[in-house]
Amino acid sequence: MRTPPWIRQHLAAVRALLVLTVITGIVYPLAIWAVASLPGLHDEAEGSMIDIDGQAAGSALVGQLFTNSDGSPLPQFFQSRPSEAGAGYDPTSTGASNLGPESIVDTPGDPALIRTGATPAEAGYKASLLTSVCSRSRAVGATEGVDGARPFCTPDGVGAVLSVIGPRDSLGNVVHPTRVISVNEQCSTDSQTPRTPFITEYEGVPVECAKFGENYSLGQIVPIRGDSPADPAVPADAVTASGSGLDPHISPEYAELQAPRVASARGVPVDQIKAVIHETQDARTLGFLGEPRVNVLLLNIELDQRYPATR
C-alpha cells in the first residue's frame with residue numbers, strides 16, 4: 001500500500017524542520033560560541049567591558065557621556081563627540097539625526113507655548129543640522145576657552161541663513177531684493193528685548209528677524225559665510241554625531257583641544273596630559289584604513305590611574 005502524496009509531503013516537511021532546527025538552533029550557535037571563546041576574541045564577544053576595581057566602567061566599543069547631573073561636562077574628563085542615540089549613547093536607540101548638508105533652515109517653535117512653560121522641542125522647534133553644528137561649536141568653544149565661531153554661523157550659535165525675496169532671473173536667483181529675513185533668528189515676543197539679526201542689511205535691504213507662522217519659502221535661501229576662519233578652532237567631530245551615535249572615539253585634534261582644561265582640573269602640566277593622549281592613541285587600522293583616533297573611556301581611565309582629579 002502506497003503512502004498518500006499529502007502524507008509524504010508532510011513527512012518531508014517535518015524532516016526538513018527537524019534538520020534545520022538542529023543546524024540553525026544547535027550546531028550553528030555552538031560553533032559561534034566556540035569561535036567567540038578563542039583567545040583574542042573572548043573579550044570582544046563579551047562586549048569589551050572595562051572593569052575598574054570590580055566595577056564595570058563601560059565598554060571600549062560604545063561611547064558614553066562624562067557629564068554631571070545637569071548635563072554639564074565634568075572638567076577632569078575628556079568629552080566624547082555628540083550622540084543622537086536617545087539621550088546620548090543609548091544602545092537601545094542607536095541612530096543618527098538623518099539630517100543632510102541641505103538642512104540649514106530651522107523649524108520654529110510656537111512662542112505662545114513657550115510662554116506657558118513648554119520647552120522649545122515641545123513647542124515644535126527643531127534645529128537644522130547647520131544650527132546644531134553652530135550651537136555645539138559655540139558651546140565647545142566656551143568650555144575649552146577657544147573661539148567657537150564657524151563659517152555660516154551667527155555669533156549666537158544658529159545658522160546664518162537669509163530668505164531673500166524679490167524678482168528673479170532666468171536661473172532663479174534674486175536680482176533685486178525687496179525683503180530679507182534671517183530665517184533662523186525668530187523675533188522676540190518681549191517688546192523690551194527686541195531681537196537684532198546677525199547682519200543689519202543685505203544688498204541695501206534691511207534684514208528682518210523671522211516671525212512665527214510666516215512662510216518664507218518663496219524667497220531664495222542664502223547662507224552667509226561671515227568672516228570666521230576657514231579652519232575653525234573646534235574640530236568637526238566635536239560638533240557632529242556619528243552614524244550610530246555610539247562611536248567611542250574622538251580625533252586627536254579634539255583631544256588636544258581638551259587637554260588644557262583636563263590638565264587644570266587634574267593639577268598637572270598640560271604636556272603630561274598630551275603625552276597620555278599620544279600613548280593611548282590608535283593608529284589607522286592596518287596602517288591605511290580610517291583615521292588616527294583616541295578612545296575616550298580608555299583615555300579617562302588611564303588619567304584616573306596616573307593623575308587622579310584634584311577637584
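Which residues are exposed on the other side of α6? They are Asp271 and His278, and the views below start with that helix. This is a predicted model, numbered from 1 along each chain as its sequence is written, with local features needing pLDDT of at least 70 and side-chain atom pairs counting only at pLDDT 80 or more, while totals for chains, interfaces and linings use all residues. Side-chain values use heavy atoms, with hydrogens and water left out.

**View 1. Helix α6 has a buried face and exposed residues on the other side.** Helices (DSSP runs of H or I, at least four residues) and strands (runs of E, at least two) are numbered from the N terminus. In α6, residues 270-280, you'll find Ile273, Val276 and Ile277 buried. Looking down the axis of α6, these buried residues fall within an arc of 105 degrees, so they line one face of the helix; the arc is taken from the directions from the helix axis to the C-beta atoms. Buried here is under 20% relative accessible area, exposed is over 50%, and partly exposed is in between (1.4 Å probe, protein chains only). The cover over the buried residues includes α5 (252-266), β9 (281-282), β10 (293-295) and α7 (296-306).

**View 2. Helix α5 crosses α6.** The two axes come within 8 Å and cross at roughly 130 degrees. That makes α5 oblique to α6. Axes are lines fitted to C-alpha atoms, for helices over the stretch in contact, and angles run from 0 to 180 degrees between N-to-C directions. As for the labels, under 35 degrees is roughly parallel, over 145 roughly antiparallel, 65 to 115 roughly perpendicular, and the rest oblique. On the α5 side, the residues in contact (heavy atoms within 4.5 Å) include Ala255, Ala259 and Val262. Their counterparts in α6 are Val270, Ile273, Lys274 and Ile277.

**View 3. Helix α4 meets α5.** Here the axes of α4 and α5 come within 9 Å and cross at roughly 40 degrees. So α4 is oblique to α5. Val140, Thr143 and Glu144 from α4 meet Tyr254, Leu257, Gln258 and Arg261 from α5.

**View 4. An open sheet runs β5-β6-β4-β3-β7.** It has 5 strands and mixed pairing; two strands pair if DSSP finds at least two bridges between them. β5 (201-202) and β7 stand at the edges with a single partner strand each, so one side of each has no neighbour in the sheet. Strand β3 (residues 161-165) runs antiparallel to β7, with 4 bridges joining them. Another 4 bridges join β3 to β4 (residues 179-186), again antiparallel. Zoom in on Ser163: its bridge partner in β7 is Ile221, and in β4 it is Ile181. Over in β7 (residues 220-223), Gln220 and Val222 make up the covered face, while Ile221 and Pro223 make up the uncovered one.

**View 5. Thr154 sits in the loop between α4 and β3.** At 6% relative accessibility, Thr154 counts as buried. Leaving out residues up to four places away in sequence, Thr154 touches Gly159, Ala160, Glu185 and Phe198.

**View 6. Ala112 belongs to helix α3 (residues 111-115).** Ala112 is partly exposed, at 33% relative accessibility. Its C-alpha lies 48 Å from that of Pro292, 180 residues apart along the chain.

Methods. A crossing is left-handed if the near helix is turned anticlockwise from the far one by less than a right angle, and right-handed if clockwise.
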